[in-house]
Amino acid sequence: MEEKVSLLVVENVSKSFGGNRVLKGVSFSLGEGEIIGIVGPNGSGKTTLLNILSGTVRQDEGGVFFKGKRVDHLSPHRRAKMGIGRTFQITRLFTNLTVLENVLIPLHYGSPGPSGKKAEEILDMVGLLRMKDLKAGSLSLAQRKRLELARALSLNPKLLLLDEVFAGLNPVSIREILDLLRRIHSETGVAMVLVEHVLKALFQITRRVIVLSEGRIIYEGKPEGMAKNQEVIKAYLGERYGAFRGKGP
Amino acid sequence: MGKYDLLVLGGLLALALLPPFLTDYLERVVTSALLLASLALAQNVLLGYTGYPAFGSVAFFGIGGYATAVLMRDLSLPFPVALFGGTVLSGVLALLIAPPVMRLRSHYFAITTLALQLALGELVANLEITGGAQGINLPIYRGPGGYLLFYYLFWALTLISFLINAYVDRSTFGYALKAIREDEVAAETLGVNTVLFKTLSFTLTALITGCAGGIYAYWITYIDPTSMFDPVLSVKMFVALLVGGVGTVSGPLLGAFLLEVISETLWGQFPKVHGLILGLLIVLIVLIIPRGIWRKR
Amino acid sequence: MDIVLQLLVEALLLGTFYAFMSLGFSLTWGVLNIINLAYGSYIILGSYLAYTLYTSAGLDPILSLPISFTAGFLLGLILQSFLMNRVMTLEPFMILILTFGLDIFIANTLNLLFRADIRSIDVPYAERSHLIGPLIITEVKAVVFVLSLVLTGFVYILLHSTWTGRAIRAVALDREGARIVGVSPEKVFLITSGIGTGIALSSGNLYGVLQGFTPFDGGMLTVKAFLVSIVGGLGRVESALAGGLFLGVLEVFTGFYLGEGWKFFASLIAMFLFLILRPRGLLGGKYYGEV
């Protein structure tokens, strides 16, 4: 059997916060240029998983492998330099710095190769070139998301981790971001992991989805299969009532 | 450097020509202002650009001063060498404690550094080598220029600190610091080695502060724990920053001069209630300055 | 061995005082999220108040405890309504600077009024000692111990068995949640500020009989209150007792084995280490706010 070295391998990752087991034995892999969605009810551990992949949080058990190398002991900035970029659920821009400066920083510190011209190219790609001298804090939500994408792109990444990139956007903006993501994918071939709630948008960009529930993967496969899977249905519908059943301390 | 900053730099350079026109008293006032300015400028690198308020950075002032004093008294080293030693010691201590201490958030970081400062003051008050509560007498400078030497020493230190701030303000190094200030978590995920840059920033601040302490010790020739590890000096430094503008190049310098002038006036006019008014002033300034330490150009 | 026992008892007596003394600081921190660097000067203010009442009216500082508490309570209310409520929206660091300025103001005012000589409240029982078994117990220390324990008990009962107390704890846990169930956080802030300052001033009475004081002792006392809070963990009254005992043991043993001059140094190093290694303290609970 031909073993292709996957770009990203997550092997049996578990994580607890206090007494709370947030992730239990999560495993999956992603090849170069592949796009995968991670969905699940609130509290299923999606953002934690993303944090573990980017290095913001350390896992308790298991391993994360990127380009064949073990990375789970590396700090976020080293992973960034290796080519892992991410965005945040609530944007974390350098609000008092300009749009251009926001991009210059990862260009200088996170990516190989010279900066300068490249910054303007990236801003142009996400459609923010005109605003390069504006303070990042003055941007609209959709513009902020695009700037976060631009920053992550500045790392010249092989892997993009997107945390609810569609959250809070109106349908027009969602479509714009979708187009942007497709463009980025076709021009750079970057692999993507999208943690998402906005399933309609997600399913327009990926054919592969993982469903997390209470820290475990309960489904992996095509989006269509989700609606037919008993466990998935239970996870989503059950969750609506579960909030009132005194779960947790 | 912006036009405004260039103007201020010009003013700073002009101060070098001022002494012939100053009385002894005024010379002392300007020297004190330059001391405060160099401290505020040093602090600006750590707070204004990196976003870490080191309430206890006077710890390094004390270390610089005491190290210089001990080296001069016990090893009979000449002042320049002793000053160098004091500065280096401050830097080394900063390098050592920055990684663990800078894992703390803003006000906890502030309080931890304050605890360190007070602890060093206590340590120095209990050790024989540092003269205990009695302090240390340094040899008196009897060389050319008299007190003018210290005027120019602090002037040079202020100039260096000013230029360092100007560099940080526009350089790529400065961008790393600003990124940390704006959002440390994001900065880390964008390739900035936050531990490294925080440590560098902290050490840079400590070096300048330590050097100021060394010069100060030689200037006033007698040091003791209370004067060298004085928390009131910490607060004065931050108030100077607040008044002048945190995170700007010229702000700390202007704020320091303004505060020193106010302080001197108070001390001169109302010696008895000086401390009282200072306290009141601090409260009022904090209430009036909008958005406190994050106000930027 | 006897010495160790003696020291432990001393630590218990002193530690309990420290626990009570620090309650106000811990409450203000936990409920209002304000680290008040002027807290120590409140204590000294109380000492001077008790001193004045004693020297001019012969009123025993134990008897003037209610007066100090009331004065403190009113002071707390005034400061909260006119000063602190504006401050609460500022960044924590700015609050530190402001309260430090307040501390300088109070200390210097006291200095102006009383000058810097060391005062103490020389009650007749300050010198009397009793021999209990192998232990020598100074009467004044015992009195302070009992009072501290009782007053701490009052605070505990207040917090756990009264509506006010429940309101305070609710606001500490979740301000908006408390508001939703009808508790007014603003009122709670006022009351907490009053109680906290009241505790500070009344512990000043006790402090004044225990030892001599000057207008500038506030800073050191703030550090001790901070240490007690951080070691015990911002949390329940039990946390303060744990922290107080820790400080008591630290001070008494350091003072005996290393010398008086090293006591404060030891406290500061302990504070430094706890902040770096274990900011939630020994018992840290999620009761009030968060560390």
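Here are my points, starting with how to read the model.

1. This is a predicted model, so local features need pLDDT of at least 70, side-chain atom pairs count only at pLDDT 80 or more, and totals for chains, interfaces and linings use all residues. Residues are numbered from 1 along each chain as its sequence is written, and chains are lettered from A and ligands numbered from 1 in the order in which they are written.

2. Let's begin with where chain C meets chain B: 31 residues of chain C are in contact with 36 residues of chain B (contact is C-beta atoms, placed from the backbone, within 7 Å). On the chain C side, α4 (92–114), α9 (218–232) and α11 (263–277) each supply at least two residues; helices here are DSSP runs of H or I with at least four residues, numbered from the N terminus. The most comes from α4(C), with 14 residues. By class, this side of chain C has 24 nonpolar, 5 polar and 2 charged residues. Nonpolar covers Ala, Val, Leu, Ile, Met, Phe, Trp, Tyr, Cys and Pro, charged covers Asp, Glu, Lys and Arg, and the others, Gly among them, are polar.

3. Chain A also touches chain B, with 23 residues of chain A in contact with 17 residues of chain B. On the chain A side, α2 (76–82) and α3 (99–109) are the elements giving two or more residues, and α3(A) gives the most, with 6 residues. The classes on this side are 10 nonpolar, 8 polar and 5 charged.

4. Within chain B, do look at helix α6 (residues 148–170) and helix α9 (residues 194–220): their axes come within 10 Å and cross at roughly 175° (axes are lines fitted to C-alpha atoms over the stretch in contact, with angles from 0 to 180 degrees between N-to-C directions). That makes α6(B) roughly antiparallel to α9(B), a label for angles over 145 degrees. Among the residues that meet are F150(B) and L157(B) from α6(B), and I208(B) and W219(B) from α9(B). The contact has 9 nonpolar, 1 polar and no charged residues.

5. Finally, in α6(A), the buried residues are I177(A), L181(A) and I184(A), where buried means 20 or more other C-beta atoms within 10 Å of the residue's own, and exposed means 12 or fewer, with C-beta atoms placed from the backbone. What covers these buried residues includes α5 (141–153) of chain A. On the other side of α6(A), the exposed residues include D179(A) and R183(A). Just after the helix, G189(A) takes a positive phi of about 65°.

Conventions: Two residues are in contact if their C-beta atoms, placed from the backbone, lie within 7 Å. Angles under 35 degrees count as roughly parallel, over 145 as roughly antiparallel, 65 to 115 as roughly perpendicular and the rest as oblique.
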